[in-house]
Amino acid sequence: PRDYAEQINFGCEYTFMKTFSVRAGYSSPNDDYNFTTGFGLKLGDEIVSYGIDYCYTNFETFNDVHILTFNVAFN
């Protein structure tokens with residue numbers, strides 16, 4: 001990669017009522033991107049939980065990246 005050898009990565013997440021999460025992250029120095037953001041939704045019961053997560057990264061050189069993840073967990 002053409003990124004720098006040493007980087008600082010910082011991220012935070014806020015979860016409301018164990019159901020809805022908002023996330024943000026920052027990476028510096030970096031040639032192509034520095035800020036990411038996303039959200040997640042988690043539903044379910046004591047046996048099975050399922051959720052959806054979305055992430056957005058703004059790239060300078062390439063097209064923006066959108067990541068959508070579905071997950072299922074058996075408790």
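**Loop and salt bridges**

Analyst: M17 sits in the loop between β1 (8-16) and β2 (20-28); strands are DSSP runs of E, at least two residues, numbered from the N terminus, as are helices (H or I, at least four). This is a predicted model, in which local features need pLDDT of at least 70, side-chain atom pairs count only at pLDDT 80 or more, and totals for chains, interfaces and linings use all residues. Residues are numbered from 1 along each chain as its sequence is written, and side-chain values use heavy atoms, with hydrogens and water left out.

User: What is the phi of M17?

Analyst: Most residues other than glycine have a negative phi. M17 is exposed, at 65% relative accessibility (buried is under 20% relative accessible area, exposed over 50%, partly exposed in between; 1.4 Å probe, protein chains only). Although M17 is not a glycine, its phi is positive, at about 55°.

User: How many salt bridges are there?

Analyst: A salt bridge is a side-chain nitrogen of Lys or Arg within 4 Å of a carboxyl oxygen of Asp or Glu. R23 forms one with E13, the closest N and O atoms being 2.6 Å apart. R23 also meets D53 in a salt bridge, at 3.2 Å from N to O. By this rule the count is two.
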